[in-house]
Amino acid sequence: MLTRPIDPPHRLLMGPGPINADPRVLRAMSAQLVGQYDPVMTAYMNETMALYREVFRTGNEATLVIDGTSRAGIEAALISLIEPGDRVLVPVFGRFGHLLREIAERCQAEVVLREVEWGAVFTSEAIERAIVETRPKVLALVQGDTSTTMCQPLDEIGEICRRHDVLFYTDVTASLGGNAFEMDAWGVDAATAGLQKCLAGPAGSSPISLSPRAVERIRSRASVEAGLRGEGEAAGCARRIRSNYFDLAMILDYWSEKRLNHHTEATTMLYGARECARLLVEEGIQSAIERHRLHGSAMLAGVIGLGLEVFGDVEHKMNNVVGVYIPDGVDGEALRGALLSDYAIEIGTSFGPLHGRIWRIGTMGYNARKDTVLTTLAALEQVLRQAGVPVTGGGGVGAAQEIYQQERNG
Ligand SMILES: *Cc1c(COP(=O)(O)O)cnc(C)c1O
């Protein structure tokens with residue numbers, strides 16, 4: 001039997017990511033390939049760098065995309081910044097903090113952890129205290145951890161890191177484009193992201209930006225592959241970065257005017273990443289954040305209007321995802337299944353200590369819209385009712401509409 005072509009059914013992805021890609025991103029990704037060093041391609045690479053400088057709100061020359069999902073960006077940043085034996089401080093407030101810890105351990109760092117319970121964030125004072133106590137070389141901290149829906153305030157962390165001579169890395173995969181992020185104003189040294197959250201694209205490309213301080217650390221470990229070295233040129237230092245694919249010193253050379261060969265830039269993903277950033281810049285970063293705030297507030301009001309209880313410290317909730325407790329006696333997975341099969345709407349389950357306790361509902365990227373919020377709340381009301389939960393008729397949609405009404409009345 002001949003396998004049929006790929007033709008996925010309609011789905012409305014209202015989980016914590018991935019979400020439906022903006023059709024304009026998909027169209028950009030259907031364009032024909034050009035050669036790796038074609039001036040058209042290298043111009044696209046330069047344009048992508050310039051666009052992501054705006055998205056990250058930075059003047060960092062070293063702003064580009066890593067081929068691979070968000071985790072590839074994290075690995076590239078950490079393996080290139082951390083030398084074996086370096087002490088790395090990881091404040092953990094959810095699943096992705098544990099991921100940073102795990103990757104830092106594989107970089108052979110001496111990892112020290114600080115933890116708060118899931119649903120909370122760290123104060124700047126707590127982070128400074130931990131830095132004073134542990135004297136790390138690198139601080140690795142998530143901004144928006146979708147596992148708990150919390151957004152860690154970062155605006156004071158960079159200044160603290162400078163004072164104590166610590167390099168500051170942050171994972172902004174889930175938050176960039178939907179929550180304020182100021183790479184330069186906040187003194188961040190390295191930040192990495194992905195496309196499948198607020199950037200409205202597919203997983204597979206990881207935007208990254210590095211401060212001059214971070215680039216200096218990375219360049220001090222530069223090495224050149226044997227087949228590319230000139231006569232008598234040294235191989236590079238003994239502290240060589242312990243990954244070839246994620247060697248940011250080499251990747252920076254490839255993205256610089258030297259265009260020193262490394263991997264082949266994933267052309268189709270680059271088209272997608274460029275279009276994601278182009279759309280954000282066209283909308284205005286501030287407007288995009290405001291859009292996520294509005295639709296996130298409407299979804300929050302809606303789930304409360306349905307009588308559901310919200311998870312975590314709502315003061316520090318990310319704009320683009322909300323966690324709600326699964327009502328007593330309800331089979332969370334059966335209800336998610338009913339939403340998917342009857343309404344083609346996907347919402348998220350959760351990990352670790354929250355598994356089976358909360359659902360996570362996203363409003364991000366292309367799906368941060370009024371129609372998606374209202375449709376999801378209307379369908380959620382019906383499946384809750386079907387599961388025997390006493391819900392207020394129209395309570396979800398009504399509460400969300402009130403938020404939109406208030407917005408219109410300014
Ligand atoms: C979603 C998410 C990721 C995802 O990583 P992928 O490699 O793209 O799956 C990483 N970090 C955070 C904080 C996330 O929310």
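Predicted model: local features only at pLDDT ≥ 70, side-chain atom pairs only at ≥ 80, totals over all residues.
The ligand comes first. How many residues surround the ligand? There are 13, and the closest are Thr69, Ser70, Arg71, Thr173 and Ala174. Sorted by class, that shell holds four nonpolar, six polar and three charged residues.

Now lysine 197. UniProt, in an unreviewed entry, lists Lys197 under "modified residue: N6-(pyridoxal phosphate)lysine". Where does lysine 197 sit? Look in the loop between strand S9 (190-192) and strand S10 (205-210). Is lysine 197 buried or exposed? Buried, because 29 C-beta neighbours fall inside 10 Å, and the cut-off is 20 or more. Setting aside neighbours within four places in sequence, lysine 197 contacts Gly17, Thr173, Ala174, Asn320, Met364 and Gly365.

Next, aspartate 247. This residue is in the loop between helix H7 (212-219) and helix H8 (248-255). Aspartate 247 also counts as buried, because 24 other C-beta atoms lie within 10 Å. Not counting residues up to four places away in sequence, aspartate 247 touches Ser80 and Ile241. From aspartate 247 it is 26 residues away in sequence, and 9.4 Å away in space, C-alpha to C-alpha.

On to domains. The chain splits into domain 1 (22-281) and domain 2 (285-409). Their centres, taken over C-alpha atoms, are 31 Å apart. Across the boundary, 27 residues of domain 1 contact 24 residues of domain 2. Which elements give two or more residues to the domain 1 side? Helix H2 (39-56) and strand S7 (150-151). By class, the domain 1 side has 12 nonpolar, 10 polar and five charged residues.

Last, helix H10, residues 285-305. Does the length match or differ from what 1.5 Å a residue gives? The helix has 21 residues, so the span should be 30 Å. The end C-alpha atoms are 30 Å apart, so the two agree. H10 is mostly covered, with 15 of its 21 residues buried. After H10 comes glycine 307, with a positive phi near 90°.

Conventions
Residues numbered from 1 in each chain as written. UniProt positions renumbered as here; feature names shortened; annotations may be inferred. Helix = DSSP H or I, 4+ residues; strand = E, 2+ residues; numbered from the N terminus. Buried ≥ 20, exposed ≤ 12 C-beta atoms within 10 Å, placed from the backbone. Contact = placed C-beta atoms within 7 Å. Expected span 1.5 Å × (residues − 1). Near = placed C-beta within 6 Å. Nonpolar A, V, L, I, M, F, W, Y, C, P; charged D, E, K, R; others polar. Domains from an automatic or database assignment.
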